[in-house]
Amino acid sequence: MSAIANNIVSSQTVLKRISKFFNRHPIAYFIRYILMSENVNEKDLGDLGCFNNSNSLASIPPLYFEINNKIEIDASLDEYDKALQIGKFLRSTMKGGPGIGLSSKETLEKMLANQGGVCSDFSQIFNIFCFINNIKVKEWGCIDRFYKTQFGHSFNEIYSSRRQKWVALDIHKGIVFTDNTGNPLSVVELFLALRRGNQVNFTHYSHYISPDHDRTPKVYAPYTIPFIISNNKNEVTDFYFEKYQKILSPILINTLILLRRKNHKFLFVMDDYKEKLRSK
């Protein structure tokens, strides 16, 4: 093997080790949450974290508009029902699979080709389709704890004009959340109900049923910590991934975005993230 080839292999090995460190090491978790997190009051939420407020239609790849034409959304419907139409289309068209986490265009291309797609990928493209259709949308994440997490999950919330409230949706699992009277719940209402021991109904809104449906009550549980993913700028993500994905891993690209202060933020509404970090 030539010296150049040896150097390339050596560099790739180093990058993999760095990626593993940032992906799993407790210190890296601590640093990431300290740099990216903020505590916010539930009363101050409003449109805070709304994807629509951080993006422009000009930054959306043309492929999304092409696919959107195939969804045939009924313009007369409330945003909630439009969002369900989008969700049904995505889950009937895409099987999902391994995580992708690339630019929005490549993520959609791979999902359409059934080459992967986890919860964060579904949330990513769902954000964009809602934005195109003038549906206010937020992306949320949730974890069971800050260190050595057993799970991390992404889902969404849209604003319904008819209900005059934000409503939670899990596009990846194909479910919506309602109380004992059948009213859709916002994310805060959902987790408050779980923590109080109130009844929450997990309802499939399409023919798709997640093969890991037994995991749903483990993800949506009283101990789960939810947070909004704010300042989620599609243009920034696309720029860095399109420029560096051939030479850097997704973890390192996201680290680069963080170091350049172009990153999104984690907004903790129901828990003080500083206390959670200290309670390791």
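1. Of the chain's 280 residues, 49% count as buried (under 20% relative accessible area; exposed is over 50% and partly exposed lies in between, with a 1.4 Å probe and protein chains only). This is a predicted model, in which local features need pLDDT of at least 70 and side-chain atom pairs count only at pLDDT 80 or more, while totals for chains, interfaces and linings use all residues. Residues are numbered from 1 along each chain as its sequence is written, and side-chain values use heavy atoms, with hydrogens and water left out.

2. The chain has eleven helices and eight strands; these are DSSP runs, numbered from the N terminus, with helices being H or I of at least four residues and strands E of at least two. Among contacts (heavy atoms within 4.5 Å) between residues at least 6 apart in sequence, 65% join residues at least 24 apart.

3. Aromatic pairs are taken from rings of Phe, Tyr and Trp (its six-membered ring) with centres within 6.5 Å; planes under 30 degrees apart count as stacked, over 60 as edge-to-face and the rest as tilted. The count by this rule is 19 aromatic pairs. One of them is Phe-155 with Tyr-220, edge-to-face at 5.6 Å centre to centre and 75 degrees between the planes. Phe-155 belongs to strand 3 (residues 152–160) and Tyr-220 to the loop between helix 8 (216–219) and strand 7 (225–230), so this pair ties together parts 65 residues apart in sequence. Phe-155 is buried at 0% relative accessibility, and Tyr-220 is buried at 2%.

4. Phe-227 and Phe-266 form a tilted pair, because their ring centres are 4.9 Å apart and their planes are at 55 degrees. Phe-227 is in strand 7 and Phe-266 in strand 8 (residues 265–268), so parts 39 residues apart in sequence are tied together by the pair. Both Phe-227 and Phe-266 are buried. Ring pairs also link these two residues with Tyr-33, Phe-146, Phe-268 and Tyr-273 into a cluster.

5. Where does Gly-141 sit in the fold? Gly-141 is in strand 2 (residues 137–143) and is buried, at 2% relative accessibility. Leaving aside neighbours within four places in sequence, Gly-141 is in contact with residues including His-153, Phe-155, Ile-225, Phe-227 and Ile-229.

6. Two charges over rings deserve a check. A charge sits over a ring if NZ of Lys or CZ of Arg is within 6 Å of the ring centre and within 35 degrees of the ring normal. Arg-91 lies over the face of Tyr-208, 3.8 Å from the ring centre. Lys-138 lies over the face of Trp-166, at 4.4 Å from the ring centre.

7. Nine salt bridges are found in the whole structure (a side-chain nitrogen of Lys or Arg within 4 Å of a carboxyl oxygen of Asp or Glu). Lys-105 and Glu-109 form one of them, at 2.5 Å from N to O. These two residues are four apart in helix 5 (residues 104–112), a separation of about one helical turn. Lys-105 is partly exposed at 36% relative accessibility, as is Glu-109 at 34%.

8. Lys-165 and Glu-189 form a further salt bridge, with the closest N and O atoms 2.6 Å apart. Lys-165 is in strand 4 (residues 165–170) and Glu-189 in helix 7 (residues 187–196), so the pair ties together parts that are 24 residues apart in sequence. Glu-189 is partly exposed, with a relative accessible area of 34%.

9. In the salt bridge of Asp-212 with Lys-173, the closest N and O atoms are 3.8 Å apart. Asp-212 lies in the loop between strand 6 (201–204) and helix 8, and Lys-173 in the loop between strand 4 and strand 5 (175–178), so parts 39 residues apart in sequence are tied together. Asp-212 is partly exposed at 29% relative accessibility, whereas Lys-173 is buried at 1%.

10. How do helix 3 and helix 4 pack, and at what angle? Helix 3 (residues 62–71) and helix 4 (residues 79–93) pack at about 105 degrees, with their axes 10 Å apart. Axes are lines fitted to C-alpha atoms, for helices over the stretch in contact, and angles run from 0 to 180 degrees between N-to-C directions. Helix 3 is therefore roughly perpendicular to helix 4 (65 to 115 degrees; under 35 counts as roughly parallel, over 145 as roughly antiparallel and the rest as oblique). Ile-67, Lys-70 and Ile-71 of helix 3 meet Gln-85, Ile-86 and Phe-89 of helix 4.
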